[in-house]
Amino acid sequence: MSFKAEQIARLAGSGWTRCPSVASAVTAAGLPAVTAGYLATAFPDGQWQAAEKAVAALGEHFAAARFAEETTYGVLLVPDPGRLDTRRPMAAGTRRDQLGAAVADVFDARLPAGVLGVRPGRPWAMVVTVTGAAGPSLGSYEQIVNGAARAFTVGGVDTRALMIRQMWGARVLQGGRELPDCEANERWTFTVFPGEGLTDGLAESGTVLKGKVRFRLGKADRGIGSARAAPAIAV
């Protein structure tokens, strides 16, 4: 199976379509349904080819990172933030079929609007990033932000720029019932967002803990193994 066919099958079977509460949010936002037919024509072949190269490049570049063997890279669909803003908490009903109940997100009130890595205009944008349960461990927020650019640059792109809340929010929705950074997974993890600035000296991260999706602030120097990153390249 070609990369394009494989990714289309995975996306058409992801939370965007197969998780009814998430699919309802997509419809209510006026976004096209993420079906195989839509995906086959929404993005040109050249974009799928670029995505395939980016997946391979990310895997190769970060192969020596801790937990790299557990990391899956692929295509993440990010909705038009003017219609469905994944930087913000979702309505409780959106999580009904993800969490088994209509549960509101936990969102720290101190968090700013958040970086827009994907801007309004297109219904769906394609980003290559971590699509599995957890990304590689690349250190704390401070270590990533202050690290040498070459350590994070893939194909001329600094992958830290899209290590942001918007990407993680979309990844959680795309995951459907298979939630990333969740305590129900083999390992509990959280994803740090080095592409976002500090708030009151604290770093942003996202996790799914105690049955709730959580957008949090925490210590910027917390570099334990549970702290993961999601290198990303827009294609």
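This is a predicted model: local features need pLDDT of at least 70, side-chain atom pairs count only at pLDDT 80 or more; totals for chains, interfaces and linings use all residues.
Close-up 1. A disulfide needs the two sulfur atoms within 2.5 Å, and the structure holds zero disulfides. Cys-19, for its part, is in no disulfide.

**Close-up 2. Helix α1 and its buried residues.** Helix α1 covers residues 3–12. Which of its residues are buried? They are Phe-3, Gln-7, Ile-8, Leu-11 and Ala-12. Looking down the axis of α1, you will find these buried residues within an arc of 150°, so they line one face of the helix. Their packing partners are the helices α2, α4 (36–42), α5 (45–61) and α8, along with the strand β1 (73–79).

**Close-up 3. The largest pocket.** Here you can look into a space of about 360 Å³. The pocket is lined by 19 residues, and those closest to its centre are Thr-131, Gln-174, Gly-175, Gly-176 and Glu-178. Two elements, α2 (15–18) and α8 (165–175), each give two or more residues to the lining.

**Close-up 4. What the pocket lining is made of.** Which element supplies the largest share of the lining of the largest pocket? That is α8, with three residues. By type, the lining residues of this pocket divide into ten polar, five charged and four nonpolar.

How values were computed: Residues are numbered from 1 along each chain as its sequence is written. Side-chain values use heavy atoms; hydrogens and water are left out. On a 1 Å grid over the protein atoms alone, a cavity is a set of points where a 1.4 Å probe fits but cannot get out, and a pocket is an open set with protein on both sides within 12 Å along at least five of seven lines; lining residues have an atom within 4 Å of a point. Grid points are joined across faces, edges and corners, and a volume is the space filled by probe spheres set on the points. Helices (H or I, at least four residues) and strands (E, at least two) are DSSP runs, numbered from the N terminus. Ala, Val, Leu, Ile, Met, Phe, Trp, Tyr, Cys and Pro count as nonpolar, Asp, Glu, Lys and Arg as charged, and the others, Gly among them, as polar. Buried means under 20% relative accessible area, exposed over 50%, partly exposed in between (1.4 Å probe, protein chains only). The arc is that of the directions from the helix axis to the C-beta atoms. Contact means heavy atoms within 4.5 Å.
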